[in-house]
Amino acid sequence: MSSLSQNLVWRTYHFVHSNGVVADLVYRSAYHVQRLLRHFRYRAVARDTVTPEELWAHRQFELSGGLITGVTNICNAKCSFCAYPKVVANKTLQTGVMSIAIFQKAVDEWATLGGSRMDLTPVVGDPLVDPGLLDKLDYAVKKGMRVSLTTNAILLDKNENYRQLIDRGIKEVYISTQGTSKAMYEKIYGVKHFDEAMSGIRNLLEYNRSRGEPIKVAIRFRNAEKPSEITRSPEFKKYLKPYFSSQVRVNFTVDFDNWGGTIKAEDLKGNMRMRQLPKQLNVPCASLFGVVVRHDGSVRLCGCRLVRNDLDDLVVGNIRENTMKEIAESDRAWNIIKGFYSGQRPETCRGCTVYEPVSRAWLEARAAEKAQRAAHAKIS
């Protein structure tokens, strides 16, 4: 794509996301469009299902998607749309912080496998809660990793984390926040940290611009308000919109998922809408080919969601005991994937609305990626 085309794309994107009337229309329509597209995708998968025999050769972890290292599963917010406050209240989540030794082992193995992208965001929790996060970031960057993370921004100002992240070489920062209403923020995020979060976001955007925008920033509104209510606010106009560029974007949430049944419709507030449960197909979910390393070294298929805890029946090994390659190709991992064909799903997957069945196009992309890596290795 030419620079002129790219410029037009991001300017159009920002027009949509800063014009309240247009944003309301686009996101209201997107809810129905996504449901329709999902319906057609599932029909296509049902007509031309990828067989277990075809999938076997591609059962390894998906290198292009990046490794998720859950540096901590402790959070400083209590979001109404997230399972975290419920599993903490039920005392089913075993919390902790990843040691530098486990992190280094995960990075080293991922690099050996050919991976080059890492996400420091856990299934639940905020990575900035980890007091050793910056040391981990330093190690990953030195190993040539392109590193990203998602944060609620509450701790961006602490010890000038916003500056440290940029200076130490992070490439992408995703911010999860409610909107620009303090009262609604406290209702949805369950904590009184609106001012800290907004200050952190402003400082991150300002410092990023002063450094020539070396990182991508995406502000993801988990909004109970309509997009127009956010875009009309003085805070949006003064502190966010002036920083829009090809590197800085905002978006709104079309619908919210159910965290495998943990989140109910009554947990959502205001303009929030629950994603409709897709038709259950006896086909594995594509997310099973991603991987998250838990803070204790446990390796879990899928870094998306949990129901009661993240030490569940999706855990397939521990990097303190086996290599990542051994875990990926283990019978335990394959049996979980293969089980979908006979309707056997892990607890988290049974009612999950993030489910995305493996498709023919997905398999072909995996095969092409594998062939490209093999060709590159031969040249090297």
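Modeller: Start with a definition: exposed means over 50% relative accessible area, and buried means under 20%. Keep in mind that this model is predicted.

Biologist: Which residues of helix H8 are buried?

Modeller: First, the general idea. An α-helix has 3.6 residues a turn, so residues three or four places apart point the same way. Now the case here. H8 spans residues 182–189, and its buried residues are Tyr 185, Ile 188 and Tyr 189. Looking down the axis of H8, these buried residues fall within an arc of 80°, so they line one face of the helix.

Biologist: Which exposed residues does the face turned away from the buried side carry?

Modeller: On that face of H8 sit Ala 183 and Lys 187, both exposed.

Biologist: What covers the buried residues of H8?

Modeller: The cover includes strand E4 (172–177) and helix H9 (194–210).

Biologist: Which residue follows H8?

Modeller: Gly 190 does, and its phi is positive, near 70°.

Biologist: Now the cysteines. How many disulfides does a search of the whole structure find?

Modeller: The search finds 0. Take Cys 285, which is in no disulfide: the nearest cysteine sulfur belongs to Cys 302, 6.3 Å away.

Biologist: Is Cys 285 buried or exposed?

Modeller: Cys 285 has 8% relative accessibility, so it counts as buried. Cys 304 has 24%, so Cys 304 counts as partly exposed.

Notes: Residues numbered from 1 in each chain as written. Predicted model: local features only at pLDDT ≥ 70, side-chain atom pairs only at ≥ 80, totals over all residues. Heavy atoms only, no water. Disulfide = S-S within 2.5 Å. Buried < 20%, exposed > 50% of the residue type's maximum accessible area, 1.4 Å probe, protein only. Helix = DSSP H or I, 4+ residues; strand = E, 2+ residues; numbered from the N terminus. Arc of directions from axis to C-beta. Contact = heavy atoms within 4.5 Å.
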